[in-house]
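Me: I'd like to learn how to read helix packing and a nonpolar core. Could you walk me through an example?

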Amino acid sequence: MQLKASIYAEEPWKLSSLPGDEAIFILSMISEDDIRRTTVESYLLDGLARERTLLPSGSPWDREGSSFVRRSREHLRLIGEVVQDDAWEIYVCAGCRPLEDKPRQLWACVDMTVQFSRVFAKFDEEYQREAQHAFQ
């Protein structure tokens, strides 16, 4: 899976051709923080831009009403729950001792949760700014 994740890290536009849950799972498998963050941002901005093109001209975009935002957050939440459950099971099986090998995918899901919020908020601010300029 690591090889597949690295392919998408090099060509993030390919993620958009995948189902959302698969794309977000692959993103969570990219262990290098900077590469993952760049790839996540590219994937999210591409999805937001595609959704925006589907809106009628002049209509408002609402972050909370966005189907792409809702689906992306839900996929990340579900993947994060599974990863957290797996990490907990490994911890319990290790006798509740600190793990030598930290669960990288768990950290990736936490990091992506923060990044999702930032990217969506920034996109929303830019969209609102553009809308204000359009009506002036």
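Predicted model: local features only at pLDDT ≥ 70, side-chain atom pairs only at ≥ 80, totals over all residues.

Me: At what angle do H2 and H4 pack?

Reply: Two packed helices are described by the angle between their axes and the distance between the axes. Here, helix H2 (residues 20–28) and helix H4 (residues 67–93) pack at about 55 degrees, with axes 9 Å apart. Axes are lines fitted to C-alpha atoms over the stretch in contact, and angles run from 0 to 180 degrees between N-to-C directions. Helices are DSSP runs (H or I, at least four residues), numbered from the N terminus. H2 and H4 are therefore oblique to each other; angles under 35 degrees count as roughly parallel, over 145 as roughly antiparallel, 65 to 115 as roughly perpendicular and the rest as oblique.

Me: Which residues of H2 and H4 make the contact?

Reply: Gly20, Asp21, Ile24, Phe25 and Ser28 of H2 meet Ser72, His75, Leu76 and Ile79 of H4. Contact means heavy atoms within 4.5 Å.

Me: Which residues touch the most other members of the largest nonpolar core?

Reply: In soluble globular proteins, nonpolar side chains tend to be buried together. Of the 28 residues in this core, Leu15, Tyr43, Leu44, Leu48 and Phe116 touch the most other members. A nonpolar core is a set of buried Ala, Val, Leu, Ile, Met, Phe, Trp, Tyr and Cys residues joined through side-chain atoms within 4.5 Å, and buried means under 20% relative accessible area (1.4 Å probe, protein chains only). The largest share, 7 residues, comes from H5. Leaving aside neighbours within four places in sequence, Leu15 is in contact with Tyr8, Ala23, Ile26, Leu27, Thr39 and Tyr43.

Conventions
Residues numbered from 1 in each chain as written. Heavy atoms only, no water. Helix = DSSP H or I, 4+ residues; strand = E, 2+ residues; numbered from the N terminus. Buried < 20%, exposed > 50% of the residue type's maximum accessible area, 1.4 Å probe, protein only.
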